[in-house]
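Please keep the sequence and the structure in view while reading.

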Amino acid sequence: MRSSVASAALLAGALLCLLASPALVAAARSTGRTTLSVLSFGAAADGVTDDAEALVAAWQVACRVPRATVLLPSGHRFLLSPVTLQGPCSTKLTLQIDGTVLAPPEMGSWPKPSRPLQWLNFKWLQGFSILGAGTVDGQSITSLQSASSPANTSQASTGHWHSPGVKPTLIRFYSSFNVTVRNIRITNSPQCHLKFDSSGGIKVKNITISSPGDSPNTDGIHLQNTRDVEIKSSTIGCGDDCVSIQTGCSNVHIKNVVCNPGHGISLGGLGKDYSLACVSDVVAENIIVQNALYGIRIKTWQGGVGSVRNITFSNVRVANVATPIAIDQFYCDRGGARCANRTGAVAITSVAYRSVVGTYSFQPVRLACSDARPCTGVTMVDVRLSPAATAPRGTLAPLCWNSYGEALGTIQPLGVGCLQRSNGYAMPLTQPFNYTC
């Protein structure tokens with residue numbers, strides 16, 4: 001790692017070059033954009049030397065130039081220690097990843113004593129884009145035993161998916177607005193691949209996320225306290241939720257997304273530890289879910305407060321999915337520990353399932369809603385689900401517990417239409433609403 005004095009000199013020289021070079025100024029005027037390659041800032045680009053300082057130096061210059069691009073060029077491999085790239089910056093800043101960006105390959109090499117919660121951390125940005133034809137590789141697995149090999153059926157995957165300690169998110173945005181992520185590939189994250197927190201105006205398009213199906217807690221895209229989101233034309237394979245929508249999210253549109261493998265498209269878990277959870281106006285359409293634990297799911301903890309409302313899942317194709325449609329208001333992920341029964345619950349209302357078709361391997365529909373706050377306004381239209389050819393004997397019948405609404409169109413199996421009616425409304429709630437979303 002270079003000394004701070006050397007880094008300061010490097011940055012000063014870069015600034016001087018940027019401000020004094022007539023050719024660079026002329027190029028910026030003619031193209032409307034200034035491109036700064038990290039190679040010009042001392043990046044070794046050999047996949048072994050830490051290039052984080054070169055990236056930060058290029059960023060600090062570009063941050064002050066309108067319509068600037070920080071380039072990680074193709075044909076190179078850039079090893080980066082955990083880094084924070086923050087604003088505020090000039091307008092329309094772009095990070096163009098055409099090469100391969102690598103995280104440190106072993107957890108033990110990450111900084112101590114406090115290992116970071118994220119690897120590439122972006123903060124306080126407006127009008128920022130990540131794009132390119134390159135790959136962001138978390139290197140969180142060194143090899144994977146072939147699942148098809150009989151000799152390896154009793155062996156866990158090697159690497160450090162199960163290493164102790166904090167596992168960081170690969171790419172995280174915090175308090176950033178009008179952000180675009182396009183075309184890149186993100187792979188092998190220690191935990192969540194791409195996370196947006198307290199942000200808005202997010203556009204994700206044509207990206208690929210890939211990690212093994214047995215990699216724990218590796219959500220593809222994670223949204224929290226984030227509004228006005230578009231996720232389109234992308235392929236996600238991971239060991240957890242392909243898209244995870246948490247509290248504080250609204251106006252989320254997911255379209256033309258393939259999830260294989262993973263845990264499907266999920267809202268929640270919401271309301272943990274009696275917290276307030278508010279999610280509204282989510283549309284997921286033209287979705288393919290294959291070889292997954294769930295297809296489209298809403299999960300809430302007992303005892304929480306808040307609401308989930310105006311949720312639409314339409315034109316969803318499932319193949320070999322354990323449970324394609326699920327609402328679970330008794331969610332508990334504490335392993336063998338039992339979660340105590342609570343009377344409160346996050347209210348779920350106005351949820352529509354339209355044209356959900358394909359095959360399941362365990363149970364076609366599971367709507368397990370709260371006794372205190374039943375699910376209301378649930379609609380199923382043209383839901384056609386059949387057992388997968390590989391499904392074991394003894395698959396479960398559909399379940400509708402305290403779930404109120406109507407089933408229309410073609411319903412298969414007939415038990416999917418198990419929604420209850422009470423003159424179009426749920427039975428009276430046993431608790432008053434005492435929160436504001």
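A salt bridge is counted when a side-chain nitrogen of Lys or Arg lies within 4 Å of a carboxyl oxygen of Asp or Glu. The model shown here is a predicted one, and by this rule it has four salt bridges. In general, side chains of opposite charge can pair when their charged atoms come close.

K299 and D241 are both buried. R297 joins these two residues in a network of salt bridges made up of D241, R297 and K299.

Are K232 and E230 buried or partly exposed? K232 has a relative accessible area of 26% and therefore counts as partly exposed. E230 is also partly exposed, because its relative accessibility is 31%.

The next topic is empty space. Rolling a probe the size of a water molecule over the atoms shows where empty space is left. The search of the whole structure finds one cavity of 30 Å³ or more. The largest cavity has a volume of about 50 Å³. Its lining consists of L55, L72, L80, L85, L95, I97, V101, L120 and F122. Strand 6 (94–97) and strand 8 (118–123) are the elements that give two or more residues to this lining. By residue type, the lining of the largest cavity has nine nonpolar residues, no polar and no charged ones.

The largest pocket has a volume of about 800 Å³. It is lined by 31 residues, and D219, H222, Q224, S244 and Q246 lie nearest its centre. At least two lining residues come from each of strand 11 (169–174), strand 17 (221–224), strand 21 (265–270) and strand 22 (276–290). Which strand gives the most to this lining? Strand 21 does, with three residues. The lining of the largest pocket divides into nine nonpolar, 13 polar and nine charged residues.

One residue can be followed more closely. I325 is part of strand 25 (residues 323–328). Its relative accessibility is 0%, so I325 counts as buried. Beyond its neighbours within four places in sequence, I325 has contacts that include I296, Y353, V356, P364, V365 and M380. I325 and V365 are 40 residues apart along the chain, yet their C-alpha atoms are separated by 4.8 Å.

Last comes the confidence of the prediction. The chain averages a pLDDT of 85, and 81% of the residues score at least 70. Over residues 142–162 the pLDDT stays under 50, and the model has 38 contacts beyond four places in sequence for this stretch. Residues 423–430 also stay under 50, with 10 such contacts.

Technical notes. Residues numbered from 1 in each chain as written. Predicted model: local features only at pLDDT ≥ 70, side-chain atom pairs only at ≥ 80, totals over all residues. Heavy atoms only, no water. 1 Å grid on protein atoms, 1.4 Å probe; cavity = no way out; pocket = protein on both sides within 12 Å on 5 of 7 lines; lining within 4 Å. Points joined across faces, edges and corners; volume = space filled by probe spheres on them. Helix = DSSP H or I, 4+ residues; strand = E, 2+ residues; numbered from the N terminus. Nonpolar A, V, L, I, M, F, W, Y, C, P; charged D, E, K, R; others polar. pLDDT = per-residue confidence, 0-100. Contact = heavy atoms within 4.5 Å. Buried < 20%, exposed > 50% of the residue type's maximum accessible area, 1.4 Å probe, protein only.
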